[in-house]
Amino acid sequence: MDKPPPLKRPAGDKKMRKIIIALAVIVGIPVTFGVLKAIRDHHNPHGTRHVATAHATARQAPVHFPEEWIPDAAVAVLEIGQTDEILNLLLDPALSGRLNLAPQLSGPAKWRQAIGTWMFRQHFERKFGADWQTLVRRLVKGGVTVAAGSEKTFVAIVKGDDADFVQKLHDELVAVAGRGARQNPGKVSQTPYEGVPVWTLNGGNTYHAVVDGHVVLSNKLPAIRAVLDLRAGKGAGSLAKRAEFLSAKKSMGRDAAAALYVSPAVMNNLPLPHGPQRLQDNPMAVLLLAAYADAFQGDAWTALELDCPDGNVSLRLSGTGKPVRTGPKAFAWPAADSDGALPNLVVPRQVANASLYRDLRHFYANKDALFPERTSQLIFFENMMGIFFSGRDIAEDVMGAVDPHVRLVVAEQAYDPAIGTPSIQIPAIALVFRMRDPKRFGIIAEEAWQKMLGLVNFSRGQKAQPGMIIDRLDHSGVRYSCAAFSHAEEKDKSNLDTRFNFRPAIVHHDDYLIFSTTDGLANDLIDALGKPSPKAIAGINSIVEINGSRLASLVEANSESMIRDNMVKKGQTREQAEKGVAAIPAIARALGAATLRMGAPDGKMIAELNLTLHPPNGATAATTSQAGVAANE
Amino acid sequence: MTQTRRQFLRATLQASTLVSLAPLVPSLICRTALAAGSRHPGDDRTALVVIQLSGGNDGLNCVVPYADDTYARLRTTLRLTASQVHRIDDRVGFHPEMKECRRLFDEGLFSVVQGVGYPKSSRQHPDAERDWQTARPGDTHCPTGWIGRYADEASDRDPRLAPAAMVSTISKPFGLTSERTIIPAIRSLRDAAITPASHAAEHAEAIRLITGTAANDPNPMLDLVRASTATAHQVARRIETTSHAPNTTYPNSKLGAHLRDIATLVRADAGFRLFYTDLGGDGFGGFDNHAFQKDHHASLLRELSDAIGAFIDDLRRDGLAERVALMTVSEFGRTVTENGRHGTDHGAAAPVFLAGGALKGGLIGKHPELGDLDKDAPSHHTDFRQVYAAMLDTWLGCDSAHILGERFDPVDVFKA
Amino acid sequence: MQSTPPDSELSPDFAWAPYRPSVQAPWDTIRAGHLLRRAGAGPSLGDLRRALADGPAKTIDRIFHGESGAGAFNRQIDDYEVQGPNARPIDELRGWWLRRMIESPHPLLERMTLFWHGWFAISAARIGQPRAALDHVRMLRANAFGSFDAMLAAATRDPATLLTAEGAENFKAKANEHLGRQLLARFTVGDGAFTEADARDTARAFTGLFVRGGQLREVPREHDDGTKTILGQTGAWSDRDFARIAAAHPATARRITRALYRHIIAEDADPSDAVIDPLASAFASNRNIGQLVASMLRSNLFFSRAAYRRRIKSPVEFAVGLCRAFEKTVPTIQLGHALAELGQDLYHPPTIKGWAGGTRWINRQTMAGRINLARALFLGPGEIETRLAPGPIMAKYGDASPVAPAQRLLELLLQDNIPQATQAAGPPDDPAAIAFGIASLPEYQMA
């Protein structure tokens, strides 16, 4: 949009003019904006979605990434080959709408940026006769390569579908930027290097050059020059010759939509929230994660691949270390190659579940090596286990009585209206074990559980708190014990105390042993386990699944409590806290269902994360697992 | 930030030198500011380190009566033989994992006060802990702890000081409950210093400016605050400079880290006379081994012994070992007979361990006779308050009778 | 501040006469700041300017009644503090109380509630259920300005008070003399003003009261209804009679007056009986806490040199004052933890004698702690994630005269009263660093 030529006006009118212009801007631009948007939407009723789906199924031909131009000092490289697929993901309005990817601006700044962006886009769309998404797609069609070096140096190389188009686009960009920077000489400039003009449009914050249909961009001038040197055949070594990088690339196999390669220099210096020392202090952390502590070893590069076909996102991280099958950490790796974690159990209203392969006997027998600190909690645990199991050896007789296939289930509760609903809703949680010697150990576990309940009741009684009554229940012919608080004296059925979330139960039947926090979940598990047991997933030793929409509804049920928590833990006002808490279910729903698998199916450690972004109502990622049974509402 | 604060203080407070204002400035501040220059204040002040062994330490497994028949008969699976222990004499020896303690013992830097307890202990954790922490067994109404009372008395004499500090991550034990004094919890050295570190010049400037300004409105309370602030900066500066000093290699355990921090605070003359730390943590305590005691206790003793060894060696290098005494306390000992779970239950008498450069050394008091047991536990012959009295009177130079509520004969543990 | 005669020369008549601005004792920012600090936790720039414009009498009225909306504000937080029939956990309750102090339109109410909390000194650690502790503090807030008769009657039947004073069990056969002693020594007449016989008979008056499951239970058959002599009065007294007798006793009035004197006027020296007596006898006759506080706040003595900077800020006053000055609420759970480390753990006074206060707040370690807290609040890093920012304050109160940030911050935090302060020549650019510098000064620790 061209500015009107400056006119000479009498001084007194200047103020009036300012007011009129201000009014015009305040009223006119949004109106125009709205009208134009309406017109465009009318011509293109599905908006971006229309464009997205047109490209949904086409898979692009493999691109060549210009690794020979990237200096070998790079420590991380991102390569995007299936640019359309990635753009579909980023531009999907459902996802971006829920995640609110817009920057947190407010007031005039937000308007200014919105108007500026809109005007910029309009200009290019008119000039090149296509909507902006198409232009972006064309610009990156030949692949995107981004490399990071030391001291926060970045280089990005983008190849368009046509060298001529890229050049024209660039020329127009320079022209627009030049006009906009008329007040700021020096903001837009170019210096030639190796015969190629190197531009900056923002006074030296970033530099770029256009060569052979590629746009090369960097935040440091020396980096751009190094790229141009390599292109000219001069300069030091390039990434294309780097052995560790090439082998990481080869080991990936198929052609992922995007891949990130990271050198050991970065992996070893990642700021982990808890260093190895803290990991050692926490037996649970050791149980879950110690097996993966050696995932990144040696000089090999780590590869992270991304694919996102049609509403599914899958990430695969390939480690560089091999599982350690001897010594203390071997408890997480199956002896037989065909063994691994069992598929997750499926129950109604499930929020999350996990299935692990962990040899608990081996784990506990090696506790001196794995978690040497003799904490008070550990001593207390041993004292209690000694009492509950009447002096039996913990590693051999207790942990060793169950086999390494352990499963955890978390499900939303369906509260009995006769009892009432607690004010804070906690989901039901259950652990499922398989006993090696069910005839002998079932009754031992029952005795231990009853002793524990007795101890809990006794301690509660000492603090003048009510205790639980143990009862025997029957479900589908399976009898089991369950303890519950008496609700006879409760007046307000819609606002019960938190303790009414808990009705601990123990089930030992066939060869399975269930510890559940509610009888409802115990019943559902009895049903699920009644079906023929599926085979283990070879090589995988940890599976975690989360159902985003169930998690979201759980958060919403507890939102008032979380809002108050936020207010006093973060000093927020009520409004800020409400926004913060409302964002969580939004994100959880947007991410849909997630499944994480970790293990070493081909001898090398991998982690795979699958997100099903728009699952049909109620289904979870479990529908794609080997159990193959859709959840029912 | 350092530049700005220094500039700001210089700019807004007219920097007058102390000399020109000398007639107006109270002598208290003069002394303090002069002392800011010297590294150690005039008097050689002693420090006491108390290590709480939470849960009830099994003395028989630390100082082992390996030759005793009763011991051999009743400790069926936990028994240690003559060849396993570090022999002290032909009756007792140290647990195999107490190697460093054994080394210090031979050099006269480690003592064992045997048979310490008190009459009519209930042998329950909350009660017995309370008895040791208040030093008033049976007084359920006692509102303060013995260390709290010590701190109150010490700060009555000099209000600028913080006489005692807890260097640990557990919740504050009752023994540190005081009426008037604030006893800080130092979880890491950052709590004790004025962060961030390495701004020595800023500290020096701050001290000069604070002490260099005089009020035209004499206000003793404000003077006291000024003196405390100046001291806080001095100590912070000393902690910065001494924490860069090389020291021995401490074991990689929680107790090792706590003792290393305590050594730094002693070196920096932070002014604390009494440090309190723990091994075994909150809750019932890591020493409460009712089940599978052998490995657990061994692991704890190794942590204790290695940490004390490194601590004393570190202090020795700076010639500070004579100024520090270390003492372990535990709410009770344990039974002689094993229970059926390869563990022991709550007992009565147990030894108290001491370490430091001013000790007499050796075994103090007789080993309790295992033929004369009090409900399956050894009987005591030394009241724990006698040990406290030794520390309070002889070592810290205050009135133990006032703090303990009665006069107790101090145990003779220090060199003449 | 201009010199007025030292306290020893102040006659009680002059001391307690209402303050009127004069040439020797003008109504300026120093007095306005002093009043607002002592009557709450600390002023914002807006509070200071308004007080300056309104004059002392109107400002004191506003301080007493609170701004409009105070009732609704307190009711809202009451709602946040509970979870159905239970209270939130104790560290959250601590956080909510600090939030009240920071945001309250009625800061004097919170200050008086805190005073009474130190007086009765219940400790949540001894009580167990947070609900009892919460109800106790609500009881204090409801009675903070009212009649001490009502306060004492409510407190002596409050489960939290009885649990802390170890008076949860009062059997007829074994009257709880320890409770009797605490009631007399700590809550009313004080040590030396009662005999062992008084303690025994007080204990007998309380027989039949039990605390079970956090609730008060009266068991009539356990009550000893015989004749008792308490503080010189004889009758078949019950616990309510004890409250009536002890509240009206002149020794109680004197103790409360002295305690409020330390809390409101000065902590550096104990005032003579001559100075205390007029207020103490007035309080003994009507037991009206609000009137006693008002007499103190309106007095010449309060606005004289004998009171100015003669108190040391408690950790709560230090931190809440900074938050109110910069009109920002910080995460108060973490703040509660930080203040506990500085020696003032709300809901957990060290002993039943409450917090000693005064010079006891300050030693070399707690000074380092205050400086570290101030740095964390202004510059970070720290557990408290929110920063206090001078920038918005400068913008909000920016007026025609462009004044350097240092000067504005000195006005806000210290009312310019640093000895030999000069106009900063080339101050640092960062107002947050300046604010931190001021907050670490010894002068800022004075209330």
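Where in chain A is Ala181(A) found? Ala181(A) is found in the loop between helix H7 (163-180) and strand S4 (189-193) of chain A. Helices (H or I, at least four residues) and strands (E, at least two) are DSSP runs, numbered from the N terminus.

This is a predicted model, in which local features need pLDDT of at least 70, side-chain atom pairs count only at pLDDT 80 or more, and totals for chains, interfaces and linings use all residues. Residues are numbered from 1 along each chain as its sequence is written, chains are lettered from A and ligands numbered from 1 in the order in which they are written, and side-chain values use heavy atoms, with hydrogens and water left out.

## A loop residue in chain A

Is Ala181(A) buried or exposed? At 9% relative accessibility, Ala181(A) counts as buried. Buried means under 20% relative accessible area, exposed over 50%, and partly exposed in between (1.4 Å probe, protein chains only).

Set aside the neighbours within four places in sequence. Ala181(A) is then in contact with Lys187(A) and Val188(A). Contact means heavy atoms within 4.5 Å. Asn202(A) is 21 residues from Ala181(A) in sequence, and the two lie 8.8 Å apart in space, C-alpha to C-alpha.

| Helices | Axes come within | Crossing angle |
|---|---|---|
| H20(A) (559-570) and H21(A) (574-591) | 9 Å | roughly 125 degrees |
| H3(A) (83-91) and H6(A) (132-140) | 10 Å | roughly 145 degrees |

Axes are lines fitted to C-alpha atoms, for helices over the stretch in contact, and angles run from 0 to 180 degrees between N-to-C directions.

The axes of H20(A) and H21(A) cross at roughly 125 degrees. That makes H20(A) oblique to H21(A). Angles under 35 degrees count as roughly parallel, over 145 as roughly antiparallel, 65 to 115 as roughly perpendicular and the rest as oblique. H20(A) passes H21(A) in a right-handed crossing. Residues making the contact include Ile563(A) and Met567(A) of H20(A), and Val581(A) and Ile584(A) of H21(A).

The crossing of H3(A) and H6(A) is right-handed. A crossing is left-handed if the near helix is turned anticlockwise from the far one by less than a right angle, and right-handed if clockwise. Among the residues that meet are Leu87(A) and Leu91(A) in H3(A), and Trp132(A) and Val136(A) in H6(A).

## Chain B in outline

Chain B has 14 helices and 13 strands. Of its 416 residues, 63% are buried. Take the contacts in chain B with a separation of 6 or more: residues 24 or more positions apart account for 76% of them.

## Rings and charges

Rings of Phe, Tyr and Trp (its six-membered ring) pair if their centres lie within 6.5 Å; planes under 30 degrees apart count as stacked, over 60 as edge-to-face and the rest as tilted. By this rule the count is 40 aromatic pairs over all chains.

In one of them, the rings of Trp16(C) and Tyr261(C) have centres 6.5 Å apart and planes at 80 degrees, so the pair is edge-to-face. Trp16(C) lies in helix H1 and Tyr261(C) in helix H15 of chain C, so the pair ties together parts 245 residues apart in sequence. Both residues are buried.

Phe148(C) and Phe283(C) form a tilted pair, 6.3 Å centre to centre, with 50 degrees between the planes. Phe148(C) is buried at 0% relative accessibility, and Phe283(C) is buried at 2%. One aromatic cluster includes Phe148(C), Phe283(C), Trp116(C) and Phe187(C).

Arg130(B) lies over the face of Phe174(B), at 4.6 Å from the ring centre. Lys313(C) lies over the face of Tyr444(C), at 3.3 Å. A charge sits over a ring if NZ of Lys or CZ of Arg is within 6 Å of the ring centre and within 35 degrees of the ring normal.
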